[in-house]
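Hi everyone, thanks for making time for this. I'd like to walk you through one structure, so please have a look at it on the screen first.

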Amino acid sequence: MSNIAYFPAMPPREDNRPGKRERTKTANRQAILDAARQVFGELGYDGATVRDIIRLTGLASGTFYNYYKSKEEVFDALADDGARRFRPLLRVEFEKATDFASFLRGAMRAYFDFLAAEHETWRVNRPAGEAHPTVRSTPEVTAVFAEVREAFERVLEREHAPPVDLDYLTAACIAVAREVGDKMLERRPMDTEGATAFAVGLILGGLPALPRP
């Protein structure tokens, strides 16, 4: 008899993968978000309906409503998903930054590039001048605020800069980025370099530092 029979049995491997139910829920949720991004880009936010989104997913209506109750909830979920995926880009810019100005410039450019890439379908299908819906506060959007605030605090400490109200500074910079970004999305072509130059110039130097048309 082979002595292999006397080897101790290997303990069963622990399966840390999510269960089938959780994987299905994740896949359904992602299918809805992917469909909504395409529908909003092709029809515009105001013109899109929940039925349009459901039709593109291939899911049953009841399945959709297990996750979201309205297109407003889906839009908030898209904003949350985008903010979650943008946060690592912020960290990269912080690691590269040598001072406040370099972090601001890198973060702004990363944001406008990300925004343009996320709205490629919108750029192709929607007319110039069409307003983009305002993003409301979501958990991941709030986390971006906290991350930007911490990055500002640390780069300003490196420069031994005088004390500044970090909440106001962060709120002001994010507001500039958001408003300039919304206007950028309305223009054809979308000019990420121009948006970056304007936003950074306004924050660092005020009106005299703004690029001239």
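This is a predicted model: local features need pLDDT of at least 70, side-chain atom pairs count only at pLDDT 80 or more; totals for chains, interfaces and linings use all residues.

Let's start with two helices, H1, which covers residues 20-43, and H4, which covers residues 71-96. How do their axes cross? They come within 10 Å of each other, and the crossing angle is roughly 105°. Angles from 65 to 115 degrees count as roughly perpendicular, so that is the word for how H1 and H4 lie to each other.

If you want to find the contact on your screen, look on the H1 side for Ile32, Leu33, Ala36, Arg37 and Phe40. On the H4 side, the partners are Lys71, Val74, Phe75, Ala77, Leu78, Asp81 and Arg85. Sorted by type, the residues of this contact are 8 nonpolar and 4 charged, with no polar ones.

Now to the cores. The largest nonpolar core has 34 residues, and the members that touch the most others are Phe103, Phe152 and Met184. Which helices build this core? At least two residues each come from H4, H5 (100-118), H7 (139-158), H8 (166-186) and H9 (192-205). H5 gives the largest share, with 10 residues.

Let's zoom in on phenylalanine 103. Beyond its neighbours within four places in sequence, phenylalanine 103 contacts Leu90, Glu93, Phe94, Ala97, Ala151, Phe152 and Val155. There is also another core, apart from the largest one, with 18 residues, and its members include Leu33, Ala36, Ala48 and Val50.

Is cysteine 173 buried or exposed? Its relative accessibility is 4%, so cysteine 173 counts as buried. The residue sits in helix H8, and leaving out neighbours within four places in sequence, cysteine 173 is in contact with Leu104, Met108, Phe152 and Ile203. From the C-alpha of cysteine 173 to that of phenylalanine 198, the separation is 12 Å, and the two residues are 25 apart along the chain.

Threonine 192 belongs to helix H9. Its relative accessible area is 13%, so threonine 192 is buried too. Not counting residues up to four places away in sequence, threonine 192 touches Arg109, Phe112, Asp113, Ala116 and Met184.

Aspartate 52 is a charged residue in helix H2, residues 50-57. With a relative accessible area of 19%, aspartate 52 is buried; the cut-off for that word is under 20%. Which side chain does the aspartate 52 side chain make a polar contact with? The partner is arginine 55, at 3.1 Å. Setting aside neighbours within four places in sequence, aspartate 52 is also in contact with Val39, Leu43 and Gly47.

Two backbone details before I stop. Histidine 160, in the loop between H7 and H8, is not a glycine, and yet its phi is positive, about 55°. Its relative accessibility is 72%, so histidine 160 counts as exposed.

The other detail is in the loop between H8 and H9, where you will find proline 189. The peptide bond joining arginine 188 and proline 189 is cis, with omega about 0°.

That's my tour, and I'm happy to go back to any of these views.

Terms used: Residues are numbered from 1 along each chain as its sequence is written. Side-chain values use heavy atoms; hydrogens and water are left out. Axes are lines fitted to C-alpha atoms, for helices over the stretch in contact, and angles run from 0 to 180 degrees between N-to-C directions. Helices (H or I, at least four residues) and strands (E, at least two) are DSSP runs, numbered from the N terminus. Angles under 35 degrees count as roughly parallel, over 145 as roughly antiparallel, 65 to 115 as roughly perpendicular and the rest as oblique. Contact means heavy atoms within 4.5 Å. Buried means under 20% relative accessible area, exposed over 50%, partly exposed in between (1.4 Å probe, protein chains only). A polar contact is a pair of N or O atoms within 3.5 Å; within protein, one must be able to donate a hydrogen and the other to accept it, and residues adjacent in sequence count only if both atoms are side-chain atoms. A nonpolar core is a set of buried Ala, Val, Leu, Ile, Met, Phe, Trp, Tyr and Cys residues joined through side-chain atoms within 4.5 Å.
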